[in-house]
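User: I have a new structure to look at and would like to go through it with you. Could you set out the terms as we go?

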Amino acid sequence: MGSPGLGNRNGGQRLGITEPISLGGPTDYDVIKTRELEKYLQDVGLYESQEEAVRREEVLGRLDQIVKNWVKAISRSKGLNEQLVQEANAKIFTFGSYRLGVHGPGADIDTLCVGPRHATREEDFFGELHKMLSEMPEVSELHPVPDAHVPVMGFKFKGVSIDLLYARLSLWVIPEDLDISQDSILQNTDEQTVRSLNGCRVTDQILRLVPNIQNFRTTLRCMRFWAKRRGVYSNVAGFLGGINWALLVARICQLYPNALPNMLVSRFFRVYTQWRWPNPVMLCPIEEGSFGLQVWDPRKYPKDRYHLMPIITPAYPSMNSSYNVSSSTLRIMTDEFQRGGEICEAMEASKADWDTLFEAYAFFDAYKNYLQIDISAENDDDLRKWKGWVESRLRQLTLKIERHTYNMLQCHPHPGDFQDKSRPFHCSYFMGLQRKQGVPVNESEQFDIRLTVEEFKHTVNMYTLWKSGMEIRVSHVKRRNIPSFVFPSGVRPSRPSKATWDSRRVSDAKVSGHAGSDKSGEGKGVADGQVDGKKRKRVDDNADAQSKNGKYVTAVASSSPEVQVGSPAGTVSSCSTKGDHLDATGSVEPAKGNAESHMMNGSENLIMEELSSHNGEVDGSLRCSPPHKGLHVTADAATSKEAEKLAIEKIMSGPYVSHQALQELEELEDDLEFRNQVVSAGNTNNDPLLSSVSDSTGAASVLSSNRAGPSISLHASGSIEELEPAELTAMTSIPVAPVVQRKPLIRLNFTSLGKASEKSG
């Protein structure tokens with residue numbers, strides 16, 4: 001593949017699709033702060049020792065020899081003549097953090113085995129090579145995943161973690177000097193090979209498209225560490241993974257080609273705070289190629305229009321590497337970009353340091369209400385498979401809740417999992433919950449997400465490799481009841497007496513009026529008991545997913561919900577409700593009655609209360625909040641910032657500028673059949689969905705978490721009837737009529753609970 005700008009790096013010409021924003025070199029301040037940053041990254045242990053580096057090289061050399069022996073063995077077994085057997089070859093390539101040079105101690109090595117056309121993936125790679133590895137004493141924890149989107153074989157070789165992919169080329173002989181960056185390598189290959197090659201091709205292209213590799217590496221190490229500390233490093237959770245952060249950093253290096261890491265970090269936050277998503281980030285022009293492979297283009301492919309934060313890979317076929325991002329995770333990352341920019345400005349005024357920037361995000365202090373997703377299995381092997389599947393589906397839960405509540409209930413998924421040592425073969429995931437910010441607060445409102453949760457569990461339990469004992473349970477937990485095993489050493493930390501940057505930021509936002517008029521909110525980044533329950537300032541959430549009519553929903557600061565859910569076994573928590581609620585078409589009608597939340601069959605009801613229902617309409621651009629008001633900015637600095645702001649606006653103009661993200665529908669199609677099954681089973685009038693919301697009185701039992709558990713049907717009274725597994729099976733065989741209009745899937749009951757919103761978590 002041609003490399004735009006590759007031959008120009010030494011010629012002084014630009015890299016990237018636009019001119020740089022600044023060609024300025026480093027100041028003395030930049031030199032000093034960059035040295036501080038490098039020392040900081042060393043001190044926190046981001047660099048591996050020389051001994052570990054040597055061991056990795058030895059492992060890769062040994063692995064390369066193993067695959068060469070493997071391909072000769074299978075060539076001989078397939079009856080090739082001795083000359084072809086001797087010429088048979090396979091080759092190991094690396095990609096990811098190791099190839100980029102930003103891996104840390106103990107990190108795994110992403111590797112690719114490239115083999116000839118007669119070495120098949122199923123029979124030879126996952127068959128014969130797997131057998132060879134399993135017989136080697138140096139190999140442990142061998143785990144093949146042949147049915148993955150990108151088939152992979154994971155194992156440890158002499159203690160070094162390896163993820164090994166396979167690419168089957170159309171060549172009879174793999175030359176030792178093979179250049180996989182050439183597009184011709186893709187000729188006559190299958191989809192799995194194209195995807196497997198993509199990692200190496202993208203990694204190599206990134207290194208070709210940055211002006212200074214060492215500055216790029218230091219900056220990327222910094223941003224990866226920052227993202228992990230702030231809880232926004234996870235592709236599967238809807239944030240960004242390693243390749244996404246590498247592409248974002250590489251673009252900043254292109255825009256400031258002569259800058260040192262200190263300035264690159266500062267400009268990273270400045271540029272991406274101002275960036276108007278879903279304008280794409282690209283390192284080079286998108287090439288159509290000559291092999292007919294689909295490339296990212298929202299003008300041509302409607303599915304690409306749903307992407308909220310497009311970060312485009314630079315190698316053919318170019319694709320969006322960040323399709324997992326949702327409106328909630330985009331909002332969280334945008335707010336983190338703004339926070340980072342504020343701290344970098346404070347550092348210039350000697351009011352902050354690197355410790356401030358890398359301050360860990362206090363996830364379990366940030367919200368009053370959480371969803372806890374517990375999964376379990378009968379043994380380690382089953383749990384590993386079950387975890388992988390559930391983690392790949394968790395994004396659906398976020399999308400379903402956002403979509404079914406019209407983006408009024410916002411989710412913040414924690415990127416990791418937690419294990420309770422007292423419970424073997426079990427782990428938990430958590431999501432912070434809050435009402436949409438910046439929406440006027442009526443006395444109190446209620447969202448019922450029980451059916452939404454059941455749809456999610458139904459989807460998860462369709463796992464093709466499901467076994468008895470694989471269970472999932474979703475429940476609500478308040479901040480004060482977060483289980484202790486999520487905290488280091490299993491001990492809930494005491495509230496720090498020293499104010500953090502996040503807590504001061506919350507206080508400043510509240511004083512300056514950016515926290516909105518509602519006074520019962522929470523601070524997303526609160527880590528100080530003195531500001532417990534306050535709001536965390538956010539940028540306008542104009543990047544929320546559009547609805548089908550093309551209108552965005554706005555979001556600024558707001559208060560958190562009080563969540564009424566199932567009580568412990570044997571108890572019932574209930575409260576009187578009075579007010580209005582929506583029918584299935586979205587119109588408001590009066591409703592009276594009692595809203596009960598209770599637990600049946602070991603599962604919990606999930607009713608989100610005090611959630612605003614007023615959607616604002618704004619334009620499709622993402623506005624940037626003003627800089628931190630406490631910082632002193634000189635006239636020259638202000639002029640420079642204004643020039644940079646104009647330059648950033650200019651680089652966002654291009655062929656894709658008119659692209660606007662639509663409401664996320666990807667991966668939600670599969671819940672339509674389940675929804676129709678549910679409503680049709682209890683259809684007692686002409687509008688089953690309307691009947692499910694026309695009466696707010698009555699209790700609703702939640703599905704068993706077991707795969708073989710009952711389904712549910714909604715009746716006019718609002719109750720939910722359990723169906724036996726046999727009935728569910730029968731229902732799945734009934735053709736589902738097409739739905740003309742997608743109606744609300746949850747109940748929105750507006751109630752009057754007095755001053756409930758002022759109660760603390």
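Analyst: Let me begin with a term: buried means under 20% relative accessible area, exposed means over 50%, and partly exposed is in between, with a 1.4 Å probe and protein chains only. This is a predicted model, in which local features need pLDDT of at least 70 and side-chain atom pairs count only at pLDDT 80 or more, while totals for chains, interfaces and linings use all residues. Residues are numbered from 1 along each chain as its sequence is written, and side-chain values use heavy atoms, with hydrogens and water left out.

User: OK, so is Lys478 buried or exposed?

Analyst: Lys478 counts as buried, because its relative accessibility is 12%. Lys478 lies in strand 10, which covers residues 471-478; helices (H or I, at least four residues) and strands (E, at least two) are DSSP runs, numbered from the N terminus.

User: How far apart are the C-alpha atoms of Lys478 and Tyr370?

Analyst: They are separated by 6.1 Å, although Lys478 and Tyr370 are 108 residues apart along the chain.

User: Stepping back, how many helices and strands does the protein chain have?

Analyst: The secondary structure of the protein chain comes to 19 helices and 19 strands. Of its 761 residues, 57% count as buried. Taking contact to mean heavy atoms within 4.5 Å, residues 24 or more positions apart account for 75% of the contacts in the protein chain with a separation of 6 or more.

User: Now the helices: at what angle do helix 7 and helix 8 cross?

Analyst: The axes of helix 7 (residues 213-229) and helix 8 (residues 242-255) cross at roughly 135° and come within 9 Å. Axes here are lines fitted to C-alpha atoms, for helices over the stretch in contact, and angles run from 0 to 180 degrees between N-to-C directions. Angles under 35 degrees count as roughly parallel, over 145 as roughly antiparallel, 65 to 115 as roughly perpendicular and the rest as oblique, and helix 7 and helix 8 are therefore oblique to each other.

User: Which residues make that contact between helix 7 and helix 8?

Analyst: From helix 7 the contact takes in Phe216, Thr219, Leu220, Met223, Arg224, Trp226 and Ala227, and from helix 8 it takes in Gly242, Trp245, Ala246, Val249, Ala250 and Cys253. The residues of this contact of helix 7 with helix 8 divide into 10 nonpolar, two polar and one charged, where Ala, Val, Leu, Ile, Met, Phe, Trp, Tyr, Cys and Pro count as nonpolar, Asp, Glu, Lys and Arg as charged, and the others, Gly among them, as polar.

User: And at what angle do helix 7 and helix 9 pack?

Analyst: Helix 7 and helix 9 (residues 261-274) pack at an angle of about 50°, with their axes 9 Å apart, and they are therefore oblique to each other. In this packing Asn215, Thr218, Thr219, Cys222, Met223 and Trp226 in helix 7 meet Pro261, Leu264, Val265, Phe268 and Phe269 in helix 9. The residues of the contact of helix 7 with helix 9 divide into eight nonpolar, three polar and no charged.

User: Changing topic, where does Asn89 lie?

Analyst: Asn89 lies in the loop between helix 3 (82-87) and strand 1 (91-95), and Asn89 counts as buried, because its relative accessibility is 9%. A polar contact is a pair of N or O atoms within 3.5 Å; within protein, one must be able to donate a hydrogen and the other to accept it, and residues adjacent in sequence count only if both atoms are side-chain atoms. The side chain of Asn89 has such a contact of 3.1 Å with that of Lys68 and one of 3.0 Å with that of Glu176.

User: What about Asn324, which side chain does it have a polar contact with?

Analyst: The side chains of Asn324 and Asn235 are joined by a polar contact of 2.9 Å. Asn324 is found in the loop between helix 9 and helix 10 (327-348), and at 10% relative accessibility Asn324 counts as buried.
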